[in-house]
Amino acid sequence: MIKAVMVMNTQGKTRLAKFYEYLSVEKQQELIRGVFAVLCSRAENVSNFIDAESIFGPDSCLVYKHFATLYFVFVFDSSENELAVLDLIQVFVETLDRCFKNVCELDIVFNYSKVHTILDEMIFGGQVVETSSSEIMKAVEEISKLEAASNAITLIPKSASGWRSR
Amino acid sequence: MGSQGGFYQSKEFLDLVKSIGEARSKAEEDRIVLGEIETLKRRISDPDIPKFKMKEYIIRLVYVEMLGHDASFGYIHAVKMTHDDSLLVKRTGYLAVTLFLNEDHDLIILIVNTIQKDLKSDNYLVVCAALNAVCRLINEETIPAVLPQVVELLAHPKEAVRKKAIMALHRFYQKSPSSVSHLVSNFRKRLCDNDPGVMGATLCPLFELITIDVSSYKDLVISFVSILKQVAERRLPKAYDYHQMPAPFIQIKLLKILALLGSGDKQASENMYTVVGDIFRKCDSSSNIGNAVLYECICCVSSIYPNPKLLESAADAISRFLKSDSHNLKYMGIDALGRLIKISPEIAEQHQLAVIDCLEDPDDTLKRKTFELLYKMTKSTNVEVIVDRMIDYMISINDNHYKTEIASRCVELAEQFAPSNQWFILTMNKVFEHAGDLVNIKVAHNLMRLIAEGFGEDDDTADSQLRSSAVDSYLHILGEPKLPSVFLQVICWVLGEYGTADGKYSASLVTGKLCDVAEAYSNDETVKAYAVTALMKIYAFEIAAGRKVDMLPECQSLMEEFLASHSTDLQQRAYELQAVIGLDAHAVESIMPSDASCEDIEVDKALSFLNGYIQDSIEKGAQPYIPESERSGMLNISKFRNQDHHEASSHGLRFEAYELPKQTVQSKIPPASLASTELVPVPEPVYVRESYPTTTVSSASSDAGSTELKLRLDGVQKKWGRQTHSPATSTSSSTSQKTVNGATQVDGSNTSNSRTRETYDSRKQQVEITPEKQKLAASLFGGSSKTEKKPATGHKISKSSSHMVEKSHVPKSSMEVASEKKVPFQQPPDLLDFGEPTVQSNAPSVDPFKELEDLLEPTTQVASAENHGSTAAATKSPDIMGLYKETPAGIHNKDDSDILSGLSNPPVTNMLGGTTKTQVAQSSKGRRPNLKDSLQKDTLVRQMGVTPSSLNPILFKDLLG
């Protein structure tokens, strides 16, 4: 089972945090800080796996991947395969990339709810439900379409509408 | 595509994110966020804000909480949003509540109703959003409220809904297995779902169910195997391919499940051999995901009933992992090696140098994994090297959690395999010195006992050697500053017991050291207590030996201090010491016999030696002692006698509520029956309360009943206490004996090992790898399975033999493959890619009937393969038919629908087919357009009125660039 998904930038600012078991806000922050401290101390060209038992308790592994300015971090237990989770991160980022066209950190910040939607299509209640990037895209697009249909209000200033139509 | 790719939020939100991004300190960030919270608090409580504004505020709240600030003031608004009719607002509301609330939150009660309604909605997206909330927010008590709807959704026409409904059910199972135990069969049913996504998702709950109870899912082995076969043969839609691998994530889950089902079950395992072997051959070891599947295959092979051919392939895969440059693969290789050596220990030898490389790697994760492997393969021959390495590593790290773990492992290995007492003591010293108080106190007690009992045999000289070497090393170590408390306790105890035993050190020297300890660690009461007792022992031994005792002046001042200590424990020990010193040799010898820490102390629990005294006293008119049980009985009898007195006393404070007045008829129930119902505690008090205003007799008897009840409990407790106590001691002593045996056996083989090393050294020039490493390798692996016969060139031989194995293996496997596909086994992956599509193109053209036949084929093969137990196969086959009646049809349907969708919506299928290719193309083209894109994004942000400062441009850096 996946325990948590975090996205943080290289300066330690959280960009996305989702915990699949309830934790208090303080505990979440503590864990995020702990993870970031470990990530910072990692050299380049080392493995993408970290022994996370000291942070998350027994039976927990952490896999991270560094993309440009962001760290993508998945925490999970022994029922998942480390290498596969590494590819799951890849699927996630590829999906983001297809969704936002050359995704960058800012896209994730401003489309917070959309990123959550994508993640929810992939991981549901801590279990990986979908691993096909195209299937996820299909679902997310359908959601966007129906949402737009049910909501004809313009939520953004006109100047930015060009962006929307891309 | 990407129509929603723009920024949804207003300029305010942009500004917020920007200013947080540019905050120079945590304090500055906090200030900004607190300001934002104030704004939100003000605006959110405004009754007529438009919906879309509200939606943005809620998202901002989520953002604020993600940054670690309290947003609870807005929770209720998020809950309100879930009631909204607009899909967008509703979904945002659900997103917010799943992030904000937990299942026990007070507001949940307001959501359950909405969830119930939404689960019945016609719009499947509403249903999905509700299911998401169900997973997160429904607890044991609220499960029944939504369970019927969720079960209904398992048959929903949309696969996305079915998938999520299964997960919700799985979540219920995790939270309260009993509430959904009757629905578990649904998971089996969904395994045959037409949609591969639903089938794949079903594997998650099944994996968990099988982990808990393997035996009731054995019947599914054949289904799992045939699903895996279909997946591996690319029968699933193209959309599930990932980096040219057919549905790798599903393969991994299936392999995990098979590993569980085949563990220790020969018959089940035999069904899996073919398909696992196929996957071994087909896996593309150049991609990450291919290696993930390979690794899972190794895990599966090492868990199921062993098959030599598969073990060979697994060993090959491991050696490829270990030889790889990627740290990730090395890590997986080490992990896989740890699994495989349990079955075939000899494969470790082939990889000794690779393992040592990993041990010296700068990557901490890899290092730890390697230590785990070494821990698993420790034997009496290599324990010294491994434990030394572990201790070195332990000293070098700061992570307390891991330090504790590795320290306990060192102790465990040392106790199990110690080659000599000397080494054992020295190792323990190092562990205590460096891991200090992280070591469990039990380890210290164990060590003391071990030193006291010796190694169990009747060899007294060895025991006294052990003790004097311990004393030697401790006196030496005491010179070092700042020792951990636990270690000092051990030192004090040992010095007290054995400090002067062999006559090497004088009492004044040892006592001087002990006084130094007590002074240096003056704020550690436990250590001081240990030191005082040790001093007492030494003086006692001196007196008993007839020598004159003169207390050192510093010792005297110490005692004076302790006699006035705030700690009563220390005070008592100091007084005892004073008393002992005043006694004569004979008395001292009987209270403090030397070297008697292991002698049993006989306790006369009946205190029979007092009988005479008691007799005297009774004769003089003293009251005899009445045990507590009888005493309470007496009390009741006395109550019986003087009712008035009892009534007075029972009218004190009552803590039970007064009963409503009832007819007094009930009170006439005879007391005897009351006593008999005492085991049912609930009705009893009722009787008591009712009856005793009228008849005290019954209340008294019921009182007796209750005391009896209490008494029984006492008895039970005592029984428990004694029982747990005695087995604990007996087991611990037996384990220590075991270690003793292990250690003495070790000695012989250890000498042989050192001999191997010598001969090894004499020929080391011939090999080009650094001699140090080889030495290490030899001491770790050499002589592990075979002994002196293959000394110096031990690893060379094993290496060449491993090559032989590889060589002999390659042609065999390639022949096999050639018959099927003409793709040799160990060829570059490009060729493999060429090979696969031909198979691919064939698959869709096969007509559905043939496909059906194909599906049944494996099962018949299996049946024929089973020479014995053909009846079992016969009884099984109809079962399989039943299970798979649906599946071929489903796959057939799917192909059709794929074609249909392809016709109706060409761009989509194009995208599906070419996903990975376009990805690859993009990355290989050196992302020219990205620059333009990011510039565009930049200008848009500027248009919106936000000027990115110097820090911002990195935010536009492409993640995949």
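**Chatting through Arg42(A) and its surroundings**

Q: Hi! Which residues does Arg42(A) touch, not counting those up to four places away in sequence?
A: In chain A they are Ser47(A), Phe49(A), Ile50(A) and Tyr64(A), and in chain B Asp363(B), Asp364(B) and Thr365(B); contact means heavy atoms within 4.5 Å.

Q: What sort of model is this, and how are things numbered?
A: It is a predicted model: local features need pLDDT of at least 70, side-chain atom pairs count only at pLDDT 80 or more, and totals for chains, interfaces and linings use all residues. Residues are numbered from 1 along each chain as its sequence is written, chains are lettered from A and ligands numbered from 1 in the order written, and side-chain values use heavy atoms, leaving out hydrogens and water.

Q: Is Arg42(A) buried or exposed?
A: Arg42(A) has a relative accessible area of 16%, so it counts as buried (under 20%; exposed is over 50%, partly exposed in between; 1.4 Å probe, protein chains only).

Q: And where is Arg42(A) found?
A: In the loop between α1 (25-41) and β3 (49-51) of chain A; helices (H or I, at least four residues) and strands (E, at least two) are DSSP runs, numbered from the N terminus.

Q: Switching to chain B: how many helices and strands are there?
A: Chain B has 47 helices and two strands, and 48% of its 961 residues count as buried.

Q: What about Ile618(B), where does that lie?
A: Ile618(B) is in helix α33 (residues 611-619) of chain B, and it is partly exposed at 37% relative accessibility.
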